[in-house]
Amino acid sequence: MSNAVTERRIERRRFVADLLAGVPDALVVTGLGSPSYDVFAAGDRDENFYLWGAMGAAVPVGLGLALAQPDRSVVVVTGDGEQLMGIGSLGTVGACEPANLTVVVLDNGHFGETGMQRSHTSLGTDLAAVARGFGIADSFRVENHDGVTGVIERIRARSGPAFAQVLISAEEPPRVLPPRDGVFVKNRFRAALGLAPF
Amino acid sequence: MAEQAWQKEAFDVLLEGGVRQIAYVPDAGHAYSIREAISSPEIQDVVLTTEEEGVGVVAGAWLGGRRAVLLMQSSGVGNCVNMFSLLENCRFPFLTLITMRGEYAEFNPWQSPMGRRTQGVLELMGIRVYRADAPDEVGEVVSAAVDSAFLAGEQVAVILGQRLIGRKKWEGN
């Protein structure tokens, strides 16, 4: 099977801004690096949980959260490198099948934070096929900006899990930095859910 | 290995302590809890491909207001090291139950390097370690760990010594 990516052209900031504008009630977990900056640039929210480390944790954190909050839509926004490091977690999502979890991988085919080295998704890995193989039946590729609508619809529907591989260009927009105080981010997220600090 | 009374006690204490998600990489010593988690409608079971996922899963559960526990074998602690940074940075309450290999009457030398360093690795990463080696200690120690994690917000591991689990029969009859 050859399903090689031929072109990556989606503007990441615009895509993420339009995505989040379409799901104002969603709980959002971001993978470290550029996806955290993209989500923060779209507007800081108490319901955002930004990772600055723990590479590979974005989907596991999103999964634990989705299982704990079955009536809320949970969105993980991460990059190809972060997803590759936690690739097995897609199998764990496939096993649990949380209807309210959508994973959005911003795939530029590169490790952007460390000097734009090529990642596996430039060298043969087909992420959407991997996710499907792990049991997430609704795994698909988004090749142009208008595809944001379909991702929004899935997040709202909570009939997942769903996995979107979004083909973004390898541009590097200016960094905008979300808060790095994990305790603060955790406690304000919990407060937004009506939960006490800790 | 036959399931023993302490296995049921450990699970009952978790349930009474409000734990509602059990993330795990299997081990014989956790067999009772895993089976109960799968069959109980009150508890969500999460089978992991690697233990480090479990650190993220239980943190995410807490973020969403649920108490969770990570069950693993001593070898899995080594897989988790960088992921533990999530716990320290965000001060997530954390509870893990760890069955030991590579110590008492171990047959397989490949278990030994991680087994000898399990407690040290946990402590290096800022996790408080409780330990139970006798069957009648397990319920009390797990209960203490539940309080430390969810009442004091600590990061806590309970090591279940290999002597509890008994000798693994490898050869002959």
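The buried residues of helix H8 of chain A are Gly182(A), Val185(A), Lys186(A) and Phe189(A), where buried means that 20 or more other C-beta atoms, placed from the backbone, lie within 10 Å of the residue's own, exposed means 12 or fewer, and partly exposed lies in between. They cover an arc of only 100° around the axis, which puts them on the same side of H8(A); the arc is that of the directions from the helix axis to the C-beta atoms. This is a predicted model, in which local features need pLDDT of at least 70 and side-chain atom pairs count only at pLDDT 80 or more, while totals for chains, interfaces and linings use all residues. Residues are numbered from 1 along each chain as its sequence is written, and chains are lettered from A and ligands numbered from 1 in the order in which they are written.

- Just after H8(A), Gly194(A) takes a positive phi of about 80°.

**Interface**
- In the complex, 29 residues of chain A are in contact with 30 residues of chain B, a contact being two residues whose C-beta atoms, placed from the backbone, lie within 7 Å.
- On the side of chain A that touches chain B, helix H3 (58-68), helix H5 (88-96) and helix H8 (182-192) of chain A each supply at least two residues, and the largest share, eight residues, comes from H3(A).
- That side of chain A divides into 16 nonpolar, eleven polar and two charged residues, with Ala, Val, Leu, Ile, Met, Phe, Trp, Tyr, Cys and Pro counted as nonpolar, Asp, Glu, Lys and Arg as charged, and the others, Gly among them, as polar.

**Chain B as a whole**
- Chain B has eight helices and six strands, which follow the pattern α-β-α-β-α-β-α-α-β-α-β-α-β-α along the sequence.
- Of the 173 residues of chain B, 47% count as buried, and residues 24 or more positions apart account for 74% of its contacts with a separation of 6 or more.
- The C-alpha trace of chain B spans about 50 × 35 × 30 Å along its principal axes.

**Confidence**
- Chain B has a mean pLDDT of 95, with 98% of its residues at 70 or more; pLDDT is the predictor's confidence in each residue, from 0 to 100.
- For the complex, the predictor gives an ipTM of 0.97 and a pTM of 0.97.

Note on methods:
Helix = DSSP H or I, 4+ residues; strand = E, 2+ residues; numbered from the N terminus.
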